[in-house]
Amino acid sequence: MTFDYFFKPKAIAVIGASNDPLKLGYEVFKNLKDYKDGKVYPVNVKDEVVQGVKAYKNVKDIPDEVDLAVVVVPKRFVKGTVEDCGEKGVKGIILITAGFGEVGEEGKREERELVEIAHKYGMRIVGPNCVGIMNTHNAMNATFVTNAKKGDIAFISQSGALGAGIIYKTVKEGIGFSKFVSIGNMADVDFAEFMEYLADTEEDKAIALYIEGLKNGRAFMEIAKRATRKKPVIVLKAGKSESGARAASSHTGSLAGSYKIYEAAFKQSGIIVADTIDDMLSMARAFTQPLPKGTRVAIMTNAGGPGVLTADEIDKRGLKLANLEEETIEGLRSFLPPMAAVKNPVDMIASARGEDYYKTAKLLLEDPNVDMLISICVVPTFAGMTPTEHAEGVVRAVKEVNNGKPVLGLFMAGYVSEPAKEVLEKAGIPSYERPEDAAAAAYALVEFAKAKGVLKEEE
């Protein structure tokens, strides 16, 4: 299966492209002007030039072949537009226009008609009622929202507005996406088909899904079982409660169903379930790290409180604090101050320098009882110390030991720690700001390790 025409099209037509900054067609075309891998053509029935580019009255007037059409026209023109796209030989349509299945039975009937027309010509439709599609690796932003930061997480959202909000959130927090898909009403292409495609791509290391409801649960499960053997799939399911399920149904016209059924299906399929948006993002970011061989976690910190909170969160997730070897404990005692706590969590106290982080991380990674490491740093209170030297110490230890144990960073220092986080991220070590996020990441690594058969359930 290939959906390259949705993510790497040679030519894109924006039908409904506009010169009016108040219209969605203006934002979509403006965003696509930076596209690197092909040409972008504006289609506008009135204007001969759109944003400085020659426009065409109809997609069929474009002299070149068109792989992808982004449709941002009023609902009454959608059916004719889809027919025109078919006659032109378009392969894929992103239908941003709303007012279909989410508004009732008549809208669902109209959706079915659009899909019938599309399939008659061998086309596929994403949407309707969606925000669009983004591929940060070739600067394709076929949406009306801001560019996501380039990364390696593919994110598919059933809610366009929520998906857009998460993009703005991740840009602020420095989290990157490889691809973003607002899937809308799923009149045609659904989660399962995109998941099948993304499971085989190179640049997408993890797949994150925001789901309100599924139209074909059996197909989703079958494809998820295959996909999770290749890549981690993280799901944030909305509509868990009765009230939430009713809201989901009215939002995208989807059948939310019993959450217990979904939960069981996700577990059987090897999917990792997130409880919150932050959970989903924290989990997805973890997979720059190798998979753990067990569930035993070592925690190192320069302040006791964060170590205790992280230990609590680790326990909540069903993971274990590692029992350190006596040799490791003695090694820590040899250079840490007498008041330091040398049992797990290891509290190096506030005077810990970069060299202490290096030596401690090295000993913990070499301990045979440790399967993964969480390194914590709060705001240094001693003159001349920076979180950056702490991060550099951890990176140095990881490179020297090089034994395939995952390491997660936790910097509770706000803007002060931004340069340090960059040091870790550059080394492929994800860095978090809250204990619960680091614990969620550790849990996700363990769950995917189980799905891959790297570690067994009873461990």
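**Close-up 1. Thr-310, a buried residue of a predicted model.** Thr-310 counts as buried, because its relative accessibility is 0%. The model shown here is predicted. Thr-310 belongs to helix 11, which covers residues 304–316. Leaving aside residues up to four places away in sequence, Thr-310 touches Ile-299, Ile-374, Ile-376, Leu-410 and Pro-435. Thr-310 and Ala-208 are 102 residues apart in sequence. In space, their C-alpha atoms are 24 Å apart.

**Close-up 2. The largest nonpolar core and Phe-194.** The largest nonpolar core of the predicted model holds 51 residues. Phe-6, Phe-194, Leu-209 and Phe-220 have the most contacts inside this core. Helix 6 (residues 191–198) supplies the largest share of the core, six residues. Phe-194 touches Phe-3, Phe-6 and Phe-7, among others. Its partners also include Val-126, Ile-133 and Ile-156. Val-181, Ile-183 and Val-189 touch Phe-194 as well.

**Close-up 3. Helix 14 against helix 15.** Helix 14 spans residues 387–401, and helix 15 spans residues 418–426. The two helices pack at an angle of about 15 degrees. Their axes are 7 Å apart. Angles under 35 degrees count as roughly parallel, so helix 14 and helix 15 are roughly parallel to each other. Their crossing is right-handed. On the helix 14 side, the contact is made by Pro-387, Thr-388, Ala-391, Glu-392, Val-394 and Val-395. These residues meet Pro-419, Ala-420, Val-423 and Leu-424 in helix 15. By class, this contact has eight nonpolar residues, one polar and one charged.

**Close-up 4. Helix 10 across helix 16.** Helix 10 runs over residues 277–285, and helix 16 over residues 435–451. Their axes come within 8 Å and cross at roughly 55 degrees. That angle makes helix 10 oblique to helix 16. The crossing of this pair is right-handed. Helix 10 brings Asp-278, Asp-279, Ser-282 and Met-283 to the contact. Helix 16 meets them with Asp-437, Ala-440, Ala-441, Tyr-443 and Ala-444. Sorted by class, the contact of helix 10 with helix 16 has five nonpolar, one polar and three charged residues.

Technical notes: Residues are numbered from 1 along each chain as its sequence is written. This is a predicted model: local features need pLDDT of at least 70, side-chain atom pairs count only at pLDDT 80 or more; totals for chains, interfaces and linings use all residues. Side-chain values use heavy atoms; hydrogens and water are left out. Axes are lines fitted to C-alpha atoms, for helices over the stretch in contact, and angles run from 0 to 180 degrees between N-to-C directions. Helices (H or I, at least four residues) and strands (E, at least two) are DSSP runs, numbered from the N terminus. Angles under 35 degrees count as roughly parallel, over 145 as roughly antiparallel, 65 to 115 as roughly perpendicular and the rest as oblique. A crossing is left-handed if the near helix is turned anticlockwise from the far one by less than a right angle, and right-handed if clockwise. Contact means heavy atoms within 4.5 Å. Ala, Val, Leu, Ile, Met, Phe, Trp, Tyr, Cys and Pro count as nonpolar, Asp, Glu, Lys and Arg as charged, and the others, Gly among them, as polar. A nonpolar core is a set of buried Ala, Val, Leu, Ile, Met, Phe, Trp, Tyr and Cys residues joined through side-chain atoms within 4.5 Å. Buried means under 20% relative accessible area, exposed over 50%, partly exposed in between (1.4 Å probe, protein chains only).
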